[in-house]
Amino acid sequence: MNLIRIYGLFLRHFYLITRSFPRILDLIYWPTIQITLWGFISNFFATYSTYYNNAVGVILTCAILYDFLFRTSIGFNMLFLEEIWSRNFTNLFISPMKISEIITSLIGTALIRALIGLVPAILLTSPLFGISILNLGVSLFFLFLSLYIFGITLGILVSAGLLRFGPSFENIAWSTMFLIAPFGCIYYPADILPDFFQKVAYSMPLVYVFEEARRILVEQTVNIENIYFAFMLNIIYLTVAISLFYYSFNQARKKGTLINIGE
Amino acid sequence: MTDLVEVKNLKKNYSSKEAVKNISFNIKENEILGLLGPNGSGKTTTIGMLLGLLKPSGGEIRIDNMIFEKNRIEILSKINFISPYIELPKKLTVKQNLTVYGKLYNIDNLNERIEYLTEQLRLEELLDRITGELSSGQKNRASLAKALINKPKVLFLDEPTASLDPEIGDFVRSFLETYKQENKISILLASHNMNEVSRLCKSVLMMKNGLIIDEGTPEFLIDKHGRKNLEEVFLKLSRSENEFN
């Protein structure tokens, strides 16, 4: 792995972000809107629901966590799609970048993009709603890490699809998060899902992350098992996603998709 | 002179067709080889394999004495490509694009290299301008600077002067001739501009239906086919029945 090449690809997207104020605004705008919206919904539940009476910030905290996942995943896909839209795809794939360097660079850039959106949203929750996501304590780092890895995993899976099937796969890129959200049990406990859906939910790391966030906020206890399961599942999914990306790249070279995407 | 590019029995099959059928050719150091043929003849597929974008179904490509499939990354650091069908990121300035690609190719003394290319390709006024806002001729020069950022030993050119006005087209051709001579690089030029091919190429490959149907110097081919110029040779070979298949 060559750090200069990884930095080079990061620089390509960093320049793009810093050149365009609307792009920065776009990164900040949606998370802020989401958080504000869910902040008011949380307030409503706090007033009228008995379930969340002791934890005003549960929904808002989960909204922030979900948004981080969403931004990371979409951010990774966007970086990949950006190369296709700007017809720069061929230039990238004829440069001496290893697949591992491309993935590493996009993972880092996606994190920075997600943080640009997330930090203002987190800062807003405290003065607007009197809630701080930092109430999750040390576990917050592990929850964010899990979401980050899973977001990246989804991004890599979708990018593998783009490599293999070309721009026609773009619609899948946008819908992945919405398809997965119901099984993530972001705003409700997994128990309310039908049995089969529960099995699907527990096969993904998301449910462990959000169950744990609720547990910490509502019961004030930490179940290290949830964090452990989420992490182990993440490692499995990430390994599969990276393997699939390599496989898709080789298939794209065989089928000619890299040429078709590039022009 | 040594062969920088060696192509032996190269094939590419897609599920329903053979796009390239067992072709072989070499490009020597300090040589420009023309690759001609009608649309669908296999030129783009051949270039795609030489750039590593396509995996050959058979045969072997060696560049700078290295087998492509075994040394893909190392070879990619020694080659580059320009085509009007691919572009540099539009929202970045020319200088930012050159910086990004300089990093991707891990170039030492990148600023010096950018300064050199800026001077050679008359880019001084364009460096801080947004690439997407440049004219075709300006974009072409910026793309050429990107294609030379890594001091390639082998340069692949696909229609490098398409859509350029005669003055810029002539500038690009003169630049390529001089740069090749000074740096002893090999160039594969795919073009439909027969005057350009006649001027730049020492030898020419004519492709049709995935095969090399004829080859030689432009003068040899004109003489062999009894035509006035390379364009007429091209038309004769393109329109002929599959006599060479």
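A residue counts as buried here if 20 or more other C-beta atoms lie within 10 Å of its own, as exposed if 12 or fewer do, and as partly exposed in between, with C-beta atoms placed from the backbone. By that rule, 46% of the 263 residues of chain A are buried. Please keep in mind that this is a predicted model, in which local features need pLDDT of at least 70 and side-chain atom pairs count only at pLDDT 80 or more, while totals for chains, interfaces and linings use all residues. Residues are numbered from 1 along each chain as its sequence is written, and chains are lettered from A in the order in which they are written.

Let us start with chain A, which has eleven helices and zero strands; helices (H or I, at least four residues) and strands (E, at least two) are DSSP runs, numbered from the N terminus. Among its contacts (C-beta atoms, placed from the backbone, within 7 Å) between residues at least 6 apart in sequence, 76% join residues at least 24 apart.

Now for the meeting of the two chains: 30 residues from chain A and 27 residues from chain B take part in the contact. On chain A, at least two residues each come from α1 (3-19), α4 (89-93), α10 (224-255) and α11 (257-262), and α1(A) gives the most, with ten residues.

Finally, chain B is assigned domain 1 (1-78 + 157-245) and domain 2 (89-151), with bounds from an automatic or database domain assignment. The centres of these domains of chain B, taken over C-alpha atoms, are 26 Å apart. Where they touch, seven residues of domain 1 of chain B are in contact with eight residues of domain 2 of chain B.
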